[in-house]
Amino acid sequence: MAVALAGRPMGVPVMEIPSPTGSETSLATGQGQQDPQPQNSHITRSRSRARRSPARLPLRTAFRNFSGTVEIVIGDDDDKSRPITKYMVHKELLTASSPFFAAALDGAFAEGLEQVVRLPEEKPEVFEWFLQWLYTGSLTIAQDGAFSASIPQHHHHHHIPADHPFHAHYARAEADALARTDGDLRNHQGSPKYFLLIDLYALSDRLLTQPLSNHILTTIARLSETTNSVPTPSDTFILYDGIRESSPLRTLILDLFAYKKTDKLLETHKDEWHPLFLRALVVKLKRPGPEAIERHALEAWRPESWSTSKPCEGCKEILKPGQSADKCLGCDKAFCGGCLRRFGGVQGWSGSMDTSGCKPWVGRGLCGRYHEHLEGEVCR
């Protein structure tokens, strides 16, 4: 559930898995969602070799070079609160995507000899989201093509001037179409299930599936921006009790609270926030990092008079008329030269306006600030 508003290097690279063709065997799906389903708690495959439904997500593999499956056991026989659930999963997918599974299944450990991996502490409902990503590379359901097909390409809101009367209409319609692909990532009221994504991130971190972790970070950032929401107090307990301290997920959520208008929410919410979260947020607000400036698209600016002057966002000093400073093209905030030097320069203005730059979780800076990659790798 969401509240609405008023480094770790990896040792095993993830290989690319060929995309399937329309005639290849695929996982059975329900109502258009490419969600791996159990057969007696095992994954099954459809017998259909005919047309693929346009409502289905494409699979990440054609299964042509797969040699077998392994058994993943979730739960604990000795704990009645965590009953056993078993899954049969293609070994090559697991070992290519997860260094954890590669080490377990390709080595001389008991798991490698038995081709069985037991995860007694994990939850089946979270592991099944991992399986959806494993087989489809996505956490969403298939894109609804009805809206896009009904509008010529040159009529999409990206090609319509902002002052055009239909711009807002098409923008809302496209946002609604995208929201429908979120499926069970939102509750019945349309609010993001941040608790689910945080739990899934914790599992991904344990399985060392770096691409999934980055995908979750991007998904949380998108959901927060499109719904203007942040995680709930209970979500902060999952975040600070179950996620490693150096995780970029903590950085992202702190940024969401620091740079969105959350002061009244933090003050008036009836539930308690995690004390470590509150402490980290206070420290961030008192000692903002370089992103406090780097997130802006700046250009040189001087106030002409006291009436047109602004306070510096860094030191809060009023800029004097004629004083050299920089101002953001997106949000109009100003920074004095001293604050710019204190943060070691700025990565903002580069010749074209990027209004997303005021939010580090939006636009081209998202990967550099939040994603974890092997050295030299970047998001495509």
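The following questions and answers set values from a predicted model against the definitions behind them. Local features need pLDDT of at least 70 and side-chain atom pairs count only at pLDDT 80 or more, while totals for chains, interfaces and linings use all residues. Residues are numbered from 1 along each chain as its sequence is written, and side-chain values use heavy atoms, with hydrogens and water left out.

Q: Why are β3 and β4 called edge strands?
A: The open sheet has 3 strands in the order β3-β2-β4, with mixed pairing. Strands β3 (85-90) and β4 (116-119) each pair on one side only.

Q: Why is the pair Phe 127 and Phe 130 called tilted?
A: Rings of Phe, Tyr and Trp (its six-membered ring) pair if their centres lie within 6.5 Å; planes under 30 degrees apart count as stacked, over 60 as edge-to-face and the rest as tilted. Here the centres are 5.5 Å apart and the planes make 35°, so the pair is tilted. The two residues are separated by about one helical turn, because they are 3 residues apart in helix α4. Both also belong to one aromatic cluster with Tyr 87, Phe 100, Phe 101 and Trp 133.

Q: How do you know that Asp 255 is buried?
A: Buried means under 20% relative accessible area, exposed over 50%, and partly exposed in between (1.4 Å probe, protein chains only). Asp 255 has 0% relative accessibility and therefore counts as buried. This residue is found in helix α10 (residues 248-259).

Q: What makes the approach of Asp 255 to Lys 284 a polar contact?
A: A polar contact is a pair of N or O atoms within 3.5 Å; within protein, one must be able to donate a hydrogen and the other to accept it, and residues adjacent in sequence count only if both atoms are side-chain atoms. The side chains of Asp 255 and Lys 284 make such a contact at 2.9 Å.

Q: Why is Leu 366 called buried?
A: Leu 366 has a relative accessible area of 10%, and is therefore buried. Leu 366 lies in helix α15 (residues 365-370).

Methods:
Pairing = 2+ DSSP bridges. Helix = DSSP H or I, 4+ residues; strand = E, 2+ residues; numbered from the N terminus.
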